[in-house]
Amino acid sequence: ELADQLGIEYVWEVEHHFLEEYSHSSAPEVFLAACSQRTKQIRLGHGIILTAPHYNHPARTAERVAMLDLVSNGRAEFGSGESGSMAEMGGYHIDPPLKRPMWREGLEIALRCMTETPFTGYEGTYVSMPPRNVVPKPVQKPHPPLWVACSRRETILLAAQAGIGALTFAFIDPEEARTWVR
């Protein structure tokens, strides 16, 4: 509430699983929805939703993001990511070399679920889903702004090439991040 009153533009909430000493935030949409009812201006960011289908089915991701967008009157931000934690990947049976293509396929299908009426279905490498009308749809069209978690230069480059915002961490010096973005 204070951040909103001070004019801070964004609040971000992560999604992490099994990280006992690092992050206890397995359901960020609950916190963000509560924030949406106690604020008026601040943008509410999933920083991030793990979009590999083993973590979150793309239809559920689309539903969660769209619902937050609705209850916040169009203030949702959709940050996505693949996870760098062996505790998370191992807990959800994700083979580390496959996390990038799993993230990308999950993200692409979630976006289609938010924008297609009805969703026309998909048979891919990691996702199989029949045609369904995934509701609700977000307030922001075609969908809330996209972001991706970036802890490596190649992910920042990928974000730039895809026109997605880059969420970096405090582990990266701001000057170094600026150089990466350039």
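**View 1. Tyr92, a partly exposed ring in a predicted model.** Start with Tyr92: its relative accessibility is 23%, so it counts as partly exposed. Keep in mind that the model you're looking at is predicted.

**View 2. Tyr92 meets Tyr55 edge-to-face.** The two ring centres sit 5.1 Å apart with the planes at 65°, which is why the pair is called edge-to-face. This pair ties together distant parts of the chain, 37 residues apart: Tyr55 comes from the loop between strand S2 (43-50) and H3, and Tyr92 from the loop between H4 and H5. Tyr55 is buried, at 9% relative accessible area.

View 3. Phe18 is partly exposed, with a relative accessible area of 49%.

**View 4. A ring cluster.** Tyr10, Trp12 and Trp147 are linked into a cluster by ring pairs.

**View 5. Helix H3 packs against helix H5.** H3 (residues 58-71) and H5 (residues 99-115) pack at about 55°, their axes 8 Å apart. That angle makes H3 oblique to H5, and the crossing is right-handed. On the H3 side you'll find Pro58, Ala59, Thr61, Ala62 and Val65, meeting Gly106, Ile109, Ala110, Cys113 and Met114 of H5. Sorted by type, the residues of this contact are eight nonpolar, two polar and no charged.

Notes
Residues are numbered from 1 along each chain as its sequence is written. This is a predicted model: local features need pLDDT of at least 70, side-chain atom pairs count only at pLDDT 80 or more; totals for chains, interfaces and linings use all residues. Side-chain values use heavy atoms; hydrogens and water are left out. Axes are lines fitted to C-alpha atoms, for helices over the stretch in contact, and angles run from 0 to 180 degrees between N-to-C directions. Helices (H or I, at least four residues) and strands (E, at least two) are DSSP runs, numbered from the N terminus. Angles under 35 degrees count as roughly parallel, over 145 as roughly antiparallel, 65 to 115 as roughly perpendicular and the rest as oblique. A crossing is left-handed if the near helix is turned anticlockwise from the far one by less than a right angle, and right-handed if clockwise. Contact means heavy atoms within 4.5 Å. Ala, Val, Leu, Ile, Met, Phe, Trp, Tyr, Cys and Pro count as nonpolar, Asp, Glu, Lys and Arg as charged, and the others, Gly among them, as polar. Buried means under 20% relative accessible area, exposed over 50%, partly exposed in between (1.4 Å probe, protein chains only). Rings of Phe, Tyr and Trp (its six-membered ring) pair if their centres lie within 6.5 Å; planes under 30 degrees apart count as stacked, over 60 as edge-to-face and the rest as tilted.
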